[in-house]
Amino acid sequence: MNSRSIFFNTRFLASVFSLKDLPVDTGLEIAFCGRSNSGKSSVLNTITRNKKLAKTSKTPGRTRAINIFCIDDQKMNRIADLPGYGFAKVSKQTQKEWAKLINAYLNARQSLRGLVIIMDIRHSFKESDFALIDWCSETNTPFLVVLNKSDKLSNSKIINEVEKANLILKQMNLRGQALAFSSKKTTGIEKLDEKLKRWFDV
Ligand SMILES: Nc1nc2c(ncn2[C@@H]2O[C@H](COP(=O)(O)OP(=O)(O)O)[C@@H](O)[C@H]2O)c(=O)[nH]1
Ligand SMILES: [Mg+2]
(Lines give C-alpha, C1' and ligand atoms only; values in the text may rest on other atoms or scores of the structure.)
(Ligands and ions follow the chains in the order given, each with its own letter.)
Protein backbone atom coordinates (compact mmCIF):
# COMPACT_ATOMS: atom_id res chain seq x y z
CA MET A 1 0.00 0.00 0.00
CA ASN A 2 1.29 3.38 -0.99
CA SER A 3 1.90 5.40 2.16
CA ARG A 4 1.15 8.58 0.25
CA SER A 5 -2.45 7.55 -0.27
CA ILE A 6 -4.57 10.60 -0.86
CA PHE A 7 -7.46 8.99 0.99
CA PHE A 8 -5.99 8.91 4.50
CA ASN A 9 -7.48 12.23 5.55
CA THR A 10 -10.97 11.53 4.27
CA ARG A 11 -13.68 12.92 6.51
CA PHE A 12 -17.43 12.71 6.67
CA LEU A 13 -19.10 15.73 5.10
CA ALA A 14 -22.86 15.22 4.91
CA SER A 15 -25.68 12.73 4.95
CA VAL A 16 -28.51 13.80 2.67
CA PHE A 17 -31.94 12.45 1.83
CA SER A 18 -32.67 14.95 -0.87
CA LEU A 19 -30.66 16.48 -3.70
CA LYS A 20 -31.11 20.03 -2.52
CA ASP A 21 -29.10 19.21 0.60
CA LEU A 22 -26.03 17.97 -1.30
CA PRO A 23 -22.77 19.90 -0.83
CA VAL A 24 -21.88 22.41 -3.53
CA ASP A 25 -21.49 20.78 -6.95
CA THR A 26 -17.89 21.81 -7.68
CA GLY A 27 -14.67 19.82 -7.72
CA LEU A 28 -14.85 16.10 -8.45
CA GLU A 29 -17.01 13.40 -6.96
CA ILE A 30 -16.76 9.62 -7.33
CA ALA A 31 -19.87 7.62 -6.46
CA PHE A 32 -19.74 4.23 -4.77
CA CYS A 33 -22.84 2.32 -5.76
CA GLY A 34 -24.12 -1.21 -5.82
CA ARG A 35 -26.61 -3.56 -4.35
CA SER A 36 -27.42 -3.45 -0.71
CA ASN A 37 -24.93 -5.49 1.34
CA SER A 38 -22.37 -5.74 -1.48
CA GLY A 39 -19.91 -3.91 0.76
CA LYS A 40 -19.97 -0.29 -0.47
CA SER A 41 -19.28 1.13 2.98
CA SER A 42 -16.65 -1.52 3.72
CA VAL A 43 -14.79 -0.79 0.47
CA LEU A 44 -14.83 2.91 1.33
CA ASN A 45 -13.44 2.18 4.80
CA THR A 46 -10.76 -0.05 3.31
CA ILE A 47 -9.58 2.47 0.75
CA THR A 48 -9.42 5.22 3.38
CA ARG A 49 -7.98 2.88 6.01
CA ASN A 50 -10.57 4.13 8.45
CA LYS A 51 -12.87 1.42 9.75
CA LYS A 52 -15.09 3.95 11.46
CA LEU A 53 -15.70 6.24 8.52
CA ALA A 54 -18.78 4.72 6.88
CA LYS A 55 -21.17 2.64 8.91
CA THR A 56 -21.26 -0.97 7.79
CA SER A 57 -24.09 -3.31 8.63
CA LYS A 58 -24.85 -7.00 8.73
CA THR A 59 -28.49 -6.11 8.09
CA PRO A 60 -28.98 -5.15 4.44
CA GLY A 61 -30.93 -2.08 3.51
CA ARG A 62 -29.81 0.15 6.34
CA THR A 63 -28.37 3.06 4.41
CA ARG A 64 -31.11 5.25 3.02
CA ALA A 65 -29.12 8.42 2.64
CA ILE A 66 -26.41 9.57 0.28
CA ASN A 67 -23.34 9.95 2.46
CA ILE A 68 -20.70 12.33 1.21
CA PHE A 69 -17.06 12.18 2.26
CA CYS A 70 -14.45 14.79 1.56
CA ILE A 71 -11.01 13.49 0.67
CA ASP A 72 -9.35 16.83 0.02
CA ASP A 73 -10.44 20.11 1.56
CA GLN A 74 -8.61 22.29 -0.93
CA LYS A 75 -9.81 20.73 -4.16
CA MET A 76 -13.06 19.53 -2.66
CA ASN A 77 -12.63 16.04 -4.08
CA ARG A 78 -15.34 13.80 -2.69
CA ILE A 79 -16.67 10.26 -2.51
CA ALA A 80 -20.43 9.66 -2.39
CA ASP A 81 -21.68 6.45 -0.75
CA LEU A 82 -25.04 5.90 -2.43
CA PRO A 83 -27.90 3.90 -0.91
CA GLY A 84 -27.87 0.22 -1.85
CA TYR A 85 -30.49 -0.95 -4.29
CA GLY A 86 -32.18 -4.27 -4.83
CA PHE A 87 -32.91 -5.12 -1.26
CA ALA A 88 -36.04 -7.25 -1.35
CA LYS A 89 -37.09 -6.88 2.25
CA VAL A 90 -37.96 -3.19 2.14
CA SER A 91 -41.31 -2.21 0.66
CA LYS A 92 -41.65 -1.64 -3.08
CA GLN A 93 -42.49 1.96 -2.28
CA THR A 94 -39.26 2.48 -0.32
CA GLN A 95 -37.26 0.78 -3.08
CA LYS A 96 -38.83 3.11 -5.60
CA GLU A 97 -37.92 6.14 -3.50
CA TRP A 98 -34.29 5.00 -3.22
CA ALA A 99 -34.08 4.34 -6.94
CA LYS A 100 -35.52 7.78 -7.58
CA LEU A 101 -32.92 9.41 -5.33
CA ILE A 102 -30.06 7.50 -6.99
CA ASN A 103 -31.32 8.34 -10.48
CA ALA A 104 -31.82 11.98 -9.64
CA TYR A 105 -28.34 12.13 -8.13
CA LEU A 106 -26.70 10.53 -11.18
CA ASN A 107 -28.47 12.80 -13.62
CA ALA A 108 -28.00 16.01 -11.68
CA ARG A 109 -24.48 15.82 -10.32
CA GLN A 110 -22.14 17.87 -12.51
CA SER A 111 -19.06 16.99 -10.48
CA LEU A 112 -19.60 13.24 -10.93
CA ARG A 113 -16.30 11.92 -12.26
CA GLY A 114 -16.95 8.17 -12.24
CA LEU A 115 -18.81 5.28 -10.70
CA VAL A 116 -17.38 2.49 -8.62
CA ILE A 117 -19.94 -0.29 -8.97
CA ILE A 118 -19.50 -2.71 -6.11
CA MET A 119 -20.77 -6.28 -6.39
CA ASP A 120 -20.50 -9.38 -4.28
CA ILE A 121 -18.12 -11.52 -6.37
CA ARG A 122 -20.39 -14.52 -5.72
CA HIS A 123 -23.51 -12.76 -7.04
CA SER A 124 -22.28 -10.35 -9.71
CA PHE A 125 -24.11 -8.58 -12.54
CA LYS A 126 -27.68 -8.55 -11.33
CA GLU A 127 -30.29 -6.60 -13.25
CA SER A 128 -29.85 -3.50 -11.10
CA ASP A 129 -26.08 -3.58 -11.72
CA PHE A 130 -26.71 -3.64 -15.46
CA ALA A 131 -29.03 -0.65 -15.10
CA LEU A 132 -26.10 1.34 -13.68
CA ILE A 133 -23.68 0.06 -16.30
CA ASP A 134 -26.16 1.01 -19.05
CA TRP A 135 -26.47 4.48 -17.56
CA CYS A 136 -22.66 4.83 -17.59
CA SER A 137 -22.57 3.66 -21.18
CA GLU A 138 -25.31 6.08 -22.30
CA THR A 139 -23.76 9.05 -20.53
CA ASN A 140 -20.16 8.10 -21.30
CA THR A 141 -19.33 8.05 -17.60
CA PRO A 142 -16.24 6.04 -16.60
CA PHE A 143 -16.90 3.17 -14.26
CA LEU A 144 -15.08 0.41 -12.45
CA VAL A 145 -16.60 -2.88 -11.33
CA VAL A 146 -15.30 -3.95 -7.93
CA LEU A 147 -15.95 -7.64 -7.24
CA ASN A 148 -15.89 -7.51 -3.46
CA LYS A 149 -15.75 -10.30 -0.87
CA SER A 150 -13.15 -12.20 -2.90
CA ASP A 151 -11.96 -13.73 0.38
CA LYS A 152 -15.03 -15.97 0.10
CA LEU A 153 -13.69 -17.70 -3.02
CA SER A 154 -10.62 -19.75 -3.96
CA ASN A 155 -7.95 -18.12 -6.12
CA SER A 156 -8.98 -20.05 -9.21
CA LYS A 157 -12.61 -19.03 -8.80
CA ILE A 158 -11.59 -15.40 -8.31
CA ILE A 159 -9.64 -15.45 -11.59
CA ASN A 160 -12.63 -17.06 -13.26
CA GLU A 161 -15.09 -14.44 -11.99
CA VAL A 162 -12.85 -11.53 -13.01
CA GLU A 163 -12.40 -12.99 -16.49
CA LYS A 164 -16.13 -13.57 -16.82
CA ALA A 165 -16.88 -10.02 -15.71
CA ASN A 166 -14.38 -8.49 -18.13
CA LEU A 167 -15.79 -10.60 -20.94
CA ILE A 168 -19.30 -9.33 -20.21
CA LEU A 169 -18.04 -5.74 -20.34
CA LYS A 170 -16.07 -6.36 -23.51
CA GLN A 171 -19.08 -7.93 -25.21
CA MET A 172 -21.06 -4.84 -24.30
CA ASN A 173 -18.32 -2.84 -25.96
CA LEU A 174 -17.58 -0.96 -22.76
CA ARG A 175 -14.37 0.49 -21.51
CA GLY A 176 -15.07 -0.34 -17.86
CA GLN A 177 -12.98 -2.98 -16.16
CA ALA A 178 -13.53 -5.37 -13.29
CA LEU A 179 -11.18 -6.14 -10.45
CA ALA A 180 -11.26 -8.51 -7.51
CA PHE A 181 -11.37 -6.93 -4.08
CA SER A 182 -11.69 -7.93 -0.46
CA SER A 183 -12.44 -5.37 2.19
CA LYS A 184 -11.64 -8.00 4.74
CA LYS A 185 -8.17 -8.83 3.41
CA THR A 186 -7.54 -5.52 1.57
CA THR A 187 -6.95 -7.45 -1.67
CA GLY A 188 -7.07 -5.16 -4.70
CA ILE A 189 -6.54 -1.97 -2.71
CA GLU A 190 -3.56 -0.80 -4.81
CA LYS A 191 -5.44 -1.11 -8.09
CA LEU A 192 -8.51 0.68 -6.76
CA ASP A 193 -6.37 3.37 -5.17
CA GLU A 194 -4.55 3.94 -8.46
CA LYS A 195 -7.78 4.15 -10.45
CA LEU A 196 -9.40 6.63 -8.07
CA LYS A 197 -6.27 8.78 -8.03
CA ARG A 198 -6.30 8.89 -11.80
CA TRP A 199 -9.95 9.95 -11.81
CA PHE A 200 -9.24 12.65 -9.27
CA ASP A 201 -6.20 13.62 -11.33
CA VAL A 202 -3.80 13.56 -8.41
N1 LIG B 1 -16.12 -11.64 3.96
C2 LIG B 1 -16.29 -10.36 3.61
N3 LIG B 1 -17.34 -9.65 4.10
C4 LIG B 1 -17.48 -8.36 3.70
C5 LIG B 1 -16.59 -7.74 2.79
N6 LIG B 1 -17.01 -6.48 2.57
C7 LIG B 1 -18.12 -6.32 3.34
N8 LIG B 1 -18.42 -7.44 4.02
C9 LIG B 1 -19.55 -7.65 4.94
O10 LIG B 1 -20.76 -7.50 4.22
C11 LIG B 1 -21.75 -6.83 5.00
C12 LIG B 1 -22.23 -5.59 4.31
O13 LIG B 1 -21.19 -4.64 4.23
P14 LIG B 1 -21.49 -3.07 4.03
O15 LIG B 1 -20.17 -2.43 3.78
O16 LIG B 1 -22.30 -2.55 5.17
O17 LIG B 1 -22.34 -3.12 2.67
P18 LIG B 1 -23.20 -1.97 1.97
O19 LIG B 1 -24.61 -2.21 2.36
O20 LIG B 1 -23.02 -2.21 0.51
O21 LIG B 1 -22.65 -0.65 2.40
C22 LIG B 1 -21.09 -6.56 6.37
O23 LIG B 1 -21.45 -7.60 7.27
C24 LIG B 1 -19.61 -6.60 6.03
O25 LIG B 1 -18.82 -6.95 7.14
C26 LIG B 1 -15.48 -8.53 2.29
O27 LIG B 1 -14.64 -8.11 1.49
N28 LIG B 1 -15.39 -9.82 2.74
MG1 LIG C 1 -23.48 1.00 3.29
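1. Asparagine 37 meets ligand 1 through its backbone: a polar backbone atom of this residue is 3.0 Å from an oxygen atom of the ligand. That is a polar contact, meaning a pair of N or O atoms within 3.5 Å. The model is predicted; local features need pLDDT of at least 70, side-chain atom pairs count only at pLDDT 80 or more, and totals for chains, interfaces and linings use all residues. Residues are numbered from 1 along each chain as its sequence is written, chains are lettered from A and ligands numbered from 1 in the order in which they are written, and side-chain values use heavy atoms, with hydrogens and water left out.

2. A polar side-chain atom of lysine 40 lies 2.6 Å from a ligand oxygen, and for lysine 149 the corresponding distance is 3.0 Å. Taken alone, ligand 1 exposes 590 Å², of which the protein buries 85% (Shrake-Rupley method, 1.4 Å probe).

3. The shell around ligand 1 holds 17 residues, the closest being Lys40, Ser42, Ser57, Asp151 and Ser183; a residue belongs if one of its heavy atoms lies within 4 Å of the ligand. By class, the shell has no nonpolar residues, 10 polar and seven charged. Here Ala, Val, Leu, Ile, Met, Phe, Trp, Tyr, Cys and Pro count as nonpolar, Asp, Glu, Lys and Arg as charged, and the others, Gly among them, as polar. Helix α1 (residues 40–48) gives the most, with three residues; helices are DSSP runs of H or I with at least four residues, strands runs of E with at least two.

4. A disulfide requires two cysteine sulfur atoms within 2.5 Å, and the count is zero. Cysteine 33 is buried at 1% relative accessibility, and cysteine 136 is buried at 2% (buried is under 20%, exposed over 50%, partly exposed in between; 1.4 Å probe, protein chains only).

5. There are three aromatic pairs, counted when ring centres of Phe, Tyr or Trp (its six-membered ring) lie within 6.5 Å; planes under 30 degrees apart are stacked, over 60 edge-to-face, the rest tilted. One of them, phenylalanine 7 with phenylalanine 200, is tilted, at 6.3 Å and 50 degrees. These two residues are 193 residues apart, phenylalanine 7 in the segment before β1 (11–16) and phenylalanine 200 in helix α5 (residues 189–200). Both phenylalanine 7 and phenylalanine 200 are buried.

Definitions and conventions. Polar contact = N/O pair within 3.5 Å; in protein donor to acceptor, adjacent residues only side chain to side chain.
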